[in-house]
Protein chains: 2
Amino acid sequence: MTDAAQHVWMANAIRALAMDGVQAANSGHPGLPMGMADVATVLFTRHLKFDAADPRWPDRDRFVLSAGHGSMMLYSVLHLLGYEDMTVEDLKRFRQLGSRTAGHPEYGYAAGIELTTGPLGSGIATSVGMALAERVLNARFGDDVVDHRTYVIASDGDLMEGISHEAIGLAGHLKLNRLIVLYDDNGITIDGSTALSDSTDQVKRFEAAGWRAVRVDGHSPDEIDRAVTEAKNSDRPTLIACRTVIGFGSPNKAGKSSAHGSPLGADEIIATREALKWPHEPFHVPNEVMSNWRDAGTRSRALRDEWQSRLEGQDAATQREFTRRIKGELPDNFEQAVQRLKQELAENPPKIATRKASEVALEHFNLPLPETLGGSADLTPSNNTRTKGLDSVSSDHYGGRYIHWGIREHGMAAAMNGIALHGGFIPYGGTFLVFADYCRPQIRLSALMHQRVVYVMTHDSIGLGEDGPTHQPVEHLASLRAIPNLMVFRPGDATETAECWEIAFRTHNAPSLLALTRQNLTPFRVTYSGENLVARGAYEAVAAEGEAQVSLFASGSEVEIAVEAKRLLDEQGVPARVVSVPCFELFAAQDADYRRSVIGNAKVNVGIEAAIRQGWDAIIGSDAIFVGMTGFGASGPYEELYEHFGITAKAVVEQTLGRLRS
Amino acid sequence: MTDAAQHVWMANAIRALAMDGVQAANSGHPGLPMGMADVATVLFTRHLKFDAADPRWPDRDRFVLSAGHGSMMLYSVLHLLGYEDMTVEDLKRFRQLGSRTAGHPEYGYAAGIELTTGPLGSGIATSVGMALAERVLNARFGDDVVDHRTYVIASDGDLMEGISHEAIGLAGHLKLNRLIVLYDDNGITIDGSTALSDSTDQVKRFEAAGWRAVRVDGHSPDEIDRAVTEAKNSDRPTLIACRTVIGFGSPNKAGKSSAHGSPLGADEIIATREALKWPHEPFHVPNEVMSNWRDAGTRSRALRDEWQSRLEGQDAATQREFTRRIKGELPDNFEQAVQRLKQELAENPPKIATRKASEVALEHFNLPLPETLGGSADLTPSNNTRTKGLDSVSSDHYGGRYIHWGIREHGMAAAMNGIALHGGFIPYGGTFLVFADYCRPQIRLSALMHQRVVYVMTHDSIGLGEDGPTHQPVEHLASLRAIPNLMVFRPGDATETAECWEIAFRTHNAPSLLALTRQNLTPFRVTYSGENLVARGAYEAVAAEGEAQVSLFASGSEVEIAVEAKRLLDEQGVPARVVSVPCFELFAAQDADYRRSVIGNAKVNVGIEAAIRQGWDAIIGSDAIFVGMTGFGASGPYEELYEHFGITAKAVVEQTLGRLRS
């Protein structure tokens, strides 16, 4: 058989499996797999470096299906290539509960799924982090150990989403020439022709962002092959716009939106089998085609073995460090750094903002942790995310450890996911807490993918003052605590801040978000404790004198208000205790006895947080007093705002005494 | 004095007021007002059509300060132009609590502030909606009545944010040639040089999106003037990239990031006064300069009077309709349409999805309400947002009433804000509920600006089934209910859906979000009620037989589960009642008696919602049972997912009986 004929068969295998999978599920998206089958075949059989038998090989090329709705393309390819945990049974169970073949690719469900995609734009933006991580890790370990590419298949939707702009701006600026995006330019969206909603010249647009950009016929293996080969030799990232026909092969649905997101239907599948000259039973792939695909699956095995030899040729320390970094394990001396910092803070408790305390913690931790990769979305002097000795990463200096993300919060978050998924790093990045809203789709994906990404979000309440309501978080703590598997920390002084960072670094399987103040706070953790108290989520910070009549629960900047309110209540002969609540999620994970003991059984519970009440009732009870915000903030000096909104020790005392008297 | 000399004085007045205002506040951003003073002077004195004495003139040009941190520029200009509610005292109270001159421009604080800006990218994206609204309203009422432009000043940050991509793609596609963006190309961001994080060729980028784009010297009044004049004659939207020096006039800080976001300082202000040859006291503007500015403030008065005559020359019905549309009042026949629909639904209660019920409601309401402007972010067949007779809006047909927003959720939301702010329309737009995360920064601004914008968000739970966790909202209801002044509706059947729409249309001062199901629901509102029961937020949908031992609270698709659970409990001899909770916010706004009566005093309260518990405790109590989600969803047929996650009538009954026995 000629190469060309072989290609057709191999591509049609993807088409057939995809349409069969969607038909069996009676749900899904055949259009992209059928349209991009030629591109995928060229990519996986001629270019992508991987070993189906060792899917976690650190130096493999990464493949990102940004258009996650085309998941049957990825599943089909993984099956054809011989990935062990993608059997034909898995394909038949497409979109069924508990299957590896979820509606959209889900990270962790099967080897070869490098990330979760589905929310459009996420994949292409995450790939920028992967490509960046590769260059930064390469700068540390050299070509012998780190030398791979990131390939992306993206759709119209990916390129229309705003996040794609942030992503390609970053990639172009950083000259990430190992990033190659293949754009499924099929001219069709759900509403109909792409021309209904868009007229962008994508090639020109990518060029404006500093990319190489070319157009090819997405059904010509030679054109695709040539374009990818050229892209591999480019000094810039490359966009390859592939003109394709959505649902290619379907006589009546190809080129139409009806091919996008619904099964072709039994009759059309018969017609498509005929048109493709693919007479095989559903899910059956003839031996010769399968054998060609399996060969492709092991094509890079020699490269993998050579890499292994090169790694083993490194000195022992380098090998150990590389392995540690890839495994994501912390170095032994991290624990010492933690305890040293906590001792220093206890000896001389500083009255500083928690954003400053975070900087102090990072000054202590960035040294023993060479894997941290810091940054800020253009708020470095405000977020305090850059510590001594962290050079800026640039296209001239991938050896840096600090990234100027620009005014691109969403792109930063996605790229941090990519850095974490790539491995070898713990990314952290800063912005104002209110702009968590910009990052939110990616924070959700950090949580869904269980990635160790640290969001450093300063200016966490009306305490930021004059910038006013657009910059003052009010609902953000609640809305972030709502995201499953995200640890939201709101430390109340420097020691708690250090403990939050310790947990964030130690937690392999969840992202952390630190909500930090702009304003200075009075420390309350003034004696050294080797134990990480924040790890319990909430704990009694100040005990009552005698039996507590009142329990005051607070987080972050409001702990000092609680401590002051306790003092005032004590003066009134009302014994009160203070519970610091730096992390709802960790507190909810404690056993019932511990939780009961912390909540206590005082007559009156009071929650204090410069934010809305939502979520607090689970701790303080729905009949408790809450002193916080009920609407948007205002512009003014922050002390006046606290007075104005009644978030003061005096207000706490008044309401508490009122309740005790009633 | 020559025109050129006059210009310098007028521009320096802005510079001086801005640096004085920031200095007095000891907080704020002098860099942009000083850098863009020449541009602003040219714009407001030679081009912008407005009347300082009639700031709400419907046919005025709109001015959008997308770079909201430069608020002192806008305040200074409004003061200089003679806007009544922007006195020198207001300027002196910049950033003080209760002042009109908030840190960032806040809509509603003073005339001339057309929208709230501050979150970068929002302004430019909102301006697209304003410019689109102008064209669509023009198509309805003609050049005599609607004929104005939208001008934007945008910064590097605005253009780096992803939303700017969605915005310019829309504007270019729709050929909104009355949109003119002046870009403050000062090469400086907070972290330092823009070159630290970006290399985008903005001119090429805008051209790729279908814009005209030119570069000018932002300190040359003639170049700016010429470019704006050309832009006014363009058939496409125009970007004018203005090369400027940030903090222009400050001898030691101009051109540096230190000029961006901090007061210049007393010494530097003295030096700047000298450099600008502006010897006047702080906040003092010499008479001649002021008089020139005041002339500019009334420059378009004749145009305004001519417009008034033209409006009065229209036939009475047109005048009435235009005035009604601009005031945002509903037509008299809306009430009939509501009652007719509710009668039809009561006569023949349909078992349909609430997304379908929403379509049914829109079919009834779009006819009497010509002001609705519908759309979807490329999910029209899923969101059911397009009703009969709604033509697509395109650059060839601004007379349409339906917008294909493309895969641009965030841009859609911003543009809807712009449409609402412009006046004459009630915009509604659809996407999946999970993608509320993409829209979130703009939903917050809808709420903060009190705009009547309706978000139609379908596929509102695991009930969407196979698309899996990336597409299944779990935390979204809670996180949206957290936003102040946003009404989140989750109707449980067709009648409730109709009532939600009625409230959304009638509420002038708040946005609404409808969370709607993909799956069909059994109706429970089967008898006609003229009253809008949803308006109470929650109400007893099914009474108990006898004294209720159990109160079952549910929203949306889970009301039918509650009804079934009640039936099963009745069978067990346990009287139960069902409370439908379609809107938390409206329920919280009811008086205490009503709330108490709805909550009741059964032994056991149960909340049922296919989402997380957060927020429910305020209604059901923190000791109540909650049947819902605790983590992310999964991919599979939806009935299986409900079983898998234990959100079933059987589970409700089991847990309830368990609690009653304990």
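**Note on the chain A and chain B model**

1. The centres of domain 1 of chain A and domain 3 of chain A, taken over C-alpha atoms, lie 52 Å apart. Chain A is divided into domain 1 (3–304), domain 2 (332–515) and domain 3 (534–661), with bounds from an automatic or database domain assignment.

2. This is a predicted model, in which local features need pLDDT of at least 70 and side-chain atom pairs count only at pLDDT 80 or more, while totals for chains, interfaces and linings use all residues. Residues are numbered from 1 along each chain as its sequence is written, chains are lettered from A in the order in which they are written, and side-chain values use heavy atoms, with hydrogens and water left out.

3. Chain A is superposed on chain B by a rotation of 180° with 0.0 Å of shift along the axis, at RMSD 0.0 Å (least squares on the C-alpha atoms of residues with pLDDT of at least 70 in both). This is the relation of a two-fold axis. Of the contact residues of chain A, 100% recur in chain B, so the same surface serves both copies.

4. Chain A brings 97 residues to the contact and chain B 98 residues (heavy atoms within 4.5 Å). About 7800 Å² is buried between the two chains, 56% of it from carbon and sulfur atoms; buried area is the accessible area (1.4 Å probe) lost on putting two parts together, summed over both.

5. The interface holds 10 salt bridges (a side-chain nitrogen of Lys or Arg within 4 Å of a carboxyl oxygen of Asp or Glu). Arg440(A) pairs in this way with Asp437(B), with the closest N and O atoms 3.1 Å apart.
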